[in-house]
Amino acid sequence: MSRKYKFGDSSELYFISFAVINWIDLFIRKEYKEIVLDSWRFCQQEKGLEIYGWCIMSSHVHMIVGTTGRPLEKTIGEMKSFTSRNLRKAIESNPVESRKEWMMEMMKQAGLNNNNNNDWQLWQQHNQPIELRNPEIFHQKLQYIHDNPVEAGFVEKEEDYWYSSARDFNGRKGLIELSYIV
């Protein structure tokens, strides 16, 4: 992770964003998004990850997160590492992935050019955590997350995008259990 962006107080909530290297549109396939969602569910159950808002776009992810009992930086790092390994396996074994060779080469080159990796890099190095110190900033970032699919032209209304917590905030059941500010 970049020295410029660091998690501070793990008792606070953070807005984070992380992207696939070179902004590759990896998450156009449902099975790749499901790997990320399964990892989040595991981290919620086993690592104390609290998710307050989220959205998976085609090349990047936005989340509002917190944690109970362990450093948030560690949980996010482990989640990114796990998803990277499992997404690599999924890409390599996907018989209908038409972009396989191209993506694998891009990720191999990114890994070889980064001293923090051995041979592979899926995620860009940083998370860009922003501590959410008050309710106004929290709601601003949550609205930004939910507006992403609308701004990208994927949907007309934020609650119609499956891979976002906007559904939960609009009377529909989302794909991830959320934590809420009381």
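1. In this predicted model, helix H2 runs from residue 72 to residue 93 and has 22 residues. From its first C-alpha to its last, H2 reaches 31 Å, close to the 32 Å expected at 1.5 Å a residue.

2. Which residues of H2 are buried? They are Leu72, Thr75, Ile76, Met79, Lys80, Thr83, Ser84, Leu87, Ala90 and Ile91. These residues lie on the same side of H2 because they cover an arc of only 165 degrees around the axis.

3. The face of H2 turned away from its buried side carries Lys89 and Ser93, and these residues are exposed.

4. What do the buried residues of H2 pack against? Their partners are strand S1 (14–19), helix H1 (30–46), strand S2 (49–56), strand S3 (60–67) and helix H3 (100–112).

5. S1 pairs with two strands, S3 and S4. The pairing with S3 is antiparallel and extends over six bridges; within it, Phe18 of S1 has Val61 of S3 as its bridge partner.

6. Strand S4 consists of residues 130–131 and pairs with S1 over two bridges, also in the antiparallel sense. Here Tyr14 stands opposite Glu131 in S4.

Definitions and conventions. Residues are numbered from 1 along each chain as its sequence is written. This is a predicted model: local features need pLDDT of at least 70, side-chain atom pairs count only at pLDDT 80 or more; totals for chains, interfaces and linings use all residues. Side-chain values use heavy atoms; hydrogens and water are left out. Helices (H or I, at least four residues) and strands (E, at least two) are DSSP runs, numbered from the N terminus. The expected span of a helix is 1.5 Å times one less than its number of residues. Buried means under 20% relative accessible area, exposed over 50%, partly exposed in between (1.4 Å probe, protein chains only). The arc is that of the directions from the helix axis to the C-beta atoms. Contact means heavy atoms within 4.5 Å. Two strands pair if DSSP finds at least two bridges between them.
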